[in-house]
Amino acid sequence: MVEAASARLRLVLALSLAAWSPFAAAMGWKGEIDLGLVATQGNTDTATFNGAFDLQVVHAAWRHALRVEVLHASGHGTTTAERYVGALNNHYDLSGSSYLFGNIRYESDRFSGYSYQAAEALGYGRRFLPTGKLRAELEAGPGLRQSRESPGAQTNEAIFRTAGKLTWHLTPNAGFEQRVRLDSGRANTTIESVTSVRSTIIGSLALKLSETVKYNTSVPPGTRNTDLLTSVNLVYHF
């Protein structure tokens with residue numbers, strides 16, 4: 001019953017985001033919705049859902065971007081993966097190639113060894129445009145992080161954050177993207193790499209293959225340092 005209710009909740013969430021996107025586009029916002037679902041019944045009962053919602057808006061020299069990620073997997077009535085991520089990025093353009101940034105990120109992953117990890121950072125970023133098809137961004141700055149082990153005490157520490165993004169338009173209908181993030185603190189350093197390739201199916205609908213690698217230098221006993229996530233999602237761009 002719990003799994004059925006969870007499945008209905010994920011379906012309602014997906015439909016709500018899809019229904020809301022035309023209103024966001026009408027207000028001048030841009031974004032995309034990623035949805036992936038795999039379910040089996042019979043000899044094996046498993047269900048895996050992962051989704052993401054990106055929203056971006058530009059106003060004068062300001063750029064705001066919000067991203068929400070959800071991952072849930074279960075097998076034989078037992079949850080095997082559950083992860084929620086929320087990130088807000090604010091950029092203020094100093095010129096066409098440089099900007100100031102403010103970043104807030106919250107992550108809850110019940111199987112990572114941490115109840116949650118939250119971080120806030122400020123700094124300087126720069127854009128690089130080698131060609132019209134190849135673009136890159138690199139930013140760095142100081143920040144703070146709050147994390148709690150599961151179970152365990154809360155840790156508050158200063159961090160240094162660096163992040164990079166590479167976008168390569170291979171063809172008019174295919175693209176490659178690489179995102180890397182490093183949050184380094186005294187108690188723990190987190191490195192996350194997201195590699196994705198997408199291809200347009202028709203209109204605003206595309207297929208995306210992505211792999212996420214996350215590494216923590218310090219984790220609670222019995223927890224692995226590295227997490228891998230490979231997904232194939234349908235993407236709706238608006």
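Colleague: Hi! Among the contacts in this protein with a separation of 6 or more, what share comes from residues 24 or more positions apart?

Modeller: That share is 46%. Contact here means heavy atoms within 4.5 Å. Keep in mind that this is a predicted model, where local features need pLDDT of at least 70 and side-chain atom pairs count only at pLDDT 80 or more, while totals for chains, interfaces and linings use all residues. Residues are numbered from 1 along each chain as its sequence is written, and side-chain values use heavy atoms, with hydrogens and water left out.

Colleague: Thanks. How many helices and strands are there in the protein?

Modeller: There are one helix and 12 strands.

Colleague: Let's talk charges. How many salt bridges does the structure hold?

Modeller: The structure holds 21, a salt bridge being a side-chain nitrogen of Lys or Arg within 4 Å of a carboxyl oxygen of Asp or Glu. In one of them, the side chains of arginine 198 and glutamate 32 meet at 2.9 Å, N to O. Arginine 198 is in strand S10 and glutamate 32 in strand S1 (residues 30-40), so this pair ties together parts that are 166 residues apart in sequence.

Colleague: Is glutamate 32 buried or exposed?

Modeller: Glutamate 32 counts as buried because its relative accessibility is 12%. Arginine 198, at 28%, counts as partly exposed.

Colleague: Which residue does aspartate 183 meet in a salt bridge?

Modeller: Aspartate 183 meets arginine 161, at 4.0 Å, N to O. Aspartate 183 lies in strand S9 (residues 174-185) and arginine 161 in strand S8 (residues 154-171), 22 residues apart. Aspartate 183 is buried at 3% relative accessibility, and arginine 161 is buried at 8%. Both belong to a network of salt bridges whose members also include Asp54, Arg67, Glu69 and Lys214.

Colleague: Switching to rings: how many aromatic pairs are there?

Modeller: The count comes to four. Rings of Phe, Tyr and Trp (its six-membered ring) pair if their centres lie within 6.5 Å; planes under 30 degrees apart count as stacked, over 60 as edge-to-face and the rest as tilted.

Colleague: Why is the pair of phenylalanine 53 and phenylalanine 238 called stacked?

Modeller: Their ring centres are 6.4 Å apart and their planes are at 20 degrees, so the pair counts as stacked. Phenylalanine 53 sits in strand S2 and phenylalanine 238 in the segment after S12, 185 residues apart. Phenylalanine 53 and phenylalanine 238 are buried. Ring pairs also link Phe53, Tyr236 and Phe238 into a cluster.

Colleague: Which residues make the nonpolar surface patch?

Modeller: The patch, of about 710 Å², includes Ile201, Ile202, Leu209 and Tyr236. Strands S10 (189-202), S11 (205-216) and S12 (226-237) each supply at least two of its residues. Patches take residues with over 30% relative accessible area and no salt bridge; like charges are joined within 9 Å, and nonpolar side chains (Val, Leu, Ile, Met, Phe, Trp, Tyr) within 5 Å.

Colleague: Last one: where is alanine 60?

Modeller: Alanine 60 is in the loop between strand S2 (46-59) and strand S3 (62-75). Alanine 60 has a positive phi of about 55 degrees although it is not a glycine, and at 71% relative accessibility it counts as exposed.

Technical notes: Helices (H or I, at least four residues) and strands (E, at least two) are DSSP runs, numbered from the N terminus. Buried means under 20% relative accessible area, exposed over 50%, partly exposed in between (1.4 Å probe, protein chains only). Accessible areas come from the Shrake-Rupley method with a 1.4 Å probe; for residues, only the protein chains shown count as cover.
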